[in-house]
Amino acid sequence: MKSLLEYAPHHLIEENEKQPAILTGILPVSFSDSNAPIEASKSVWVHNKDPQVLSRLFEFESFEGLKYFLDGLLDYQEHIQHHATLTIENLSIYVEAFTHDINRVTELDLNLAKFCDEIYDDLIYVSRMRKEREYVINE
């Protein structure tokens, strides 16, 4: 399986000045001793108890970054036939995930949240690499 980074539109994505998500313990922990080019991070998903819902706000600096994230998320949701509630306002996407049939968070919702985190982290990584490349070229 190819990484999302191989499909990223390097020329379109702007740098998101925010740091990767702070660890909160809702999704699996990153590999702290990894030699990977990017460290996975835990997410900043909020887990509401009544009703049981996972939610997170994703903010973007450019329309192209928002569109890449949204296109990837919509394709993923269609593939797994499980859909979150998405609210788009300016350069932000608010995602709410829960299984509507039982009004609870299930494994499907956790997987959807993990996918959102991965595609968002990919966008941050690609734009960081783009900035580093531009910096080297300008030296």
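Modeller: One caution to start. This is a predicted model. The mean pLDDT of the protein is 76, and 65% of its residues reach 70 or more.

Biologist: Where does pLDDT stay under 50?

Modeller: Over residues 1-36. The model has 75 contacts beyond four places in sequence for that stretch.

Biologist: What is the order of the elements from the N terminus on?

Modeller: They run β-β-α-β-β-α. That comes to 2 helices and 4 strands.

Biologist: Why is the pair Arg56 and Asp117 called a salt bridge?

Modeller: The rule asks for a side-chain nitrogen of Lys or Arg within 4 Å of a carboxyl oxygen of Asp or Glu. The closest N and O atoms of Arg56 and Asp117 are 2.5 Å apart. The pair therefore meets the rule.

Biologist: What makes this a link between distant parts of the chain?

Modeller: Arg56 sits in strand β2 (residues 52-59) and Asp117 in helix α2 (residues 107-138). The two are 61 residues apart.

Biologist: Are Arg56 and Asp117 buried or exposed?

Modeller: Buried means under 20% relative accessible area. Arg56 has 6%, and Asp117 also comes to 6%. Both values fall under the cut-off, so both residues count as buried.

Biologist: How many salt bridges does the rule give?

Modeller: The count comes to 2. Lys67 pairs with Asp71, with the closest N and O atoms 2.9 Å apart. That is within 4 Å, so this pair qualifies too.

Biologist: Where do Lys67 and Asp71 lie?

Modeller: Both are in helix α1 (residues 63-80). They are 4 residues apart, about one turn of the helix.

Biologist: Why are Lys67 and Asp71 called partly exposed?

Modeller: The class lies between buried, under 20%, and exposed, over 50%. Lys67 has 40% relative accessibility, and Asp71 has 35%.

Biologist: What does Phe58 touch beyond four places in sequence?

Modeller: Its partners include Trp45, Phe69, Ile93, Val95, Cys116 and Tyr120. Asp117 is among them as well.

Biologist: How do you know that Ile93 is buried?

Modeller: Its relative accessible area is 0%. The cut-off is under 20%, so Ile93 is buried. Ile93 lies in strand β4. Its contacts beyond four places in sequence include Arg56, Phe58, Phe60, Phe69 and Leu86. Ile93 and Phe60 are 33 residues apart in sequence and 8.4 Å apart in space, C-alpha to C-alpha.

Biologist: What share of the protein's residues counts as buried?

Modeller: Of its 139 residues, 39%. The accessible surface comes to about 8900 Å², and carbon and sulfur atoms account for 53% of that. Among contacts between residues at least 6 apart in sequence, 62% join residues at least 24 apart.

Biologist: Now the backbone. What makes the bond between Asp50 and Pro51 stand out?

Modeller: Its peptide bond is cis, with omega about 0°. Pro51 is in the loop between β1 (46-49) and β2. Most residues other than glycine have a negative phi, and most peptide bonds are trans.

Biologist: What is the phi of Gln81?

Modeller: Near 55°, a positive value in a residue other than glycine. Gln81 is in the loop between α1 and β3 (85-89). Asn103 also has a positive phi, about 50°, and is not a glycine. Asn103 lies in the loop between β4 and α2.

Biologist: Why is Gln81 called exposed, and Asn103 partly exposed?

Modeller: Exposed means over 50%. Gln81 has 52%, so Gln81 counts as exposed. Asn103 has 47%, which lies between the cut-offs, so Asn103 counts as partly exposed.

Conventions. Residues are numbered from 1 along each chain as its sequence is written. This is a predicted model: local features need pLDDT of at least 70, side-chain atom pairs count only at pLDDT 80 or more; totals for chains, interfaces and linings use all residues. Side-chain values use heavy atoms; hydrogens and water are left out. Buried means under 20% relative accessible area, exposed over 50%, partly exposed in between (1.4 Å probe, protein chains only). Contact means heavy atoms within 4.5 Å. Accessible areas come from the Shrake-Rupley method with a 1.4 Å probe; for residues, only the protein chains shown count as cover. pLDDT is the predictor's confidence in each residue, from 0 to 100.
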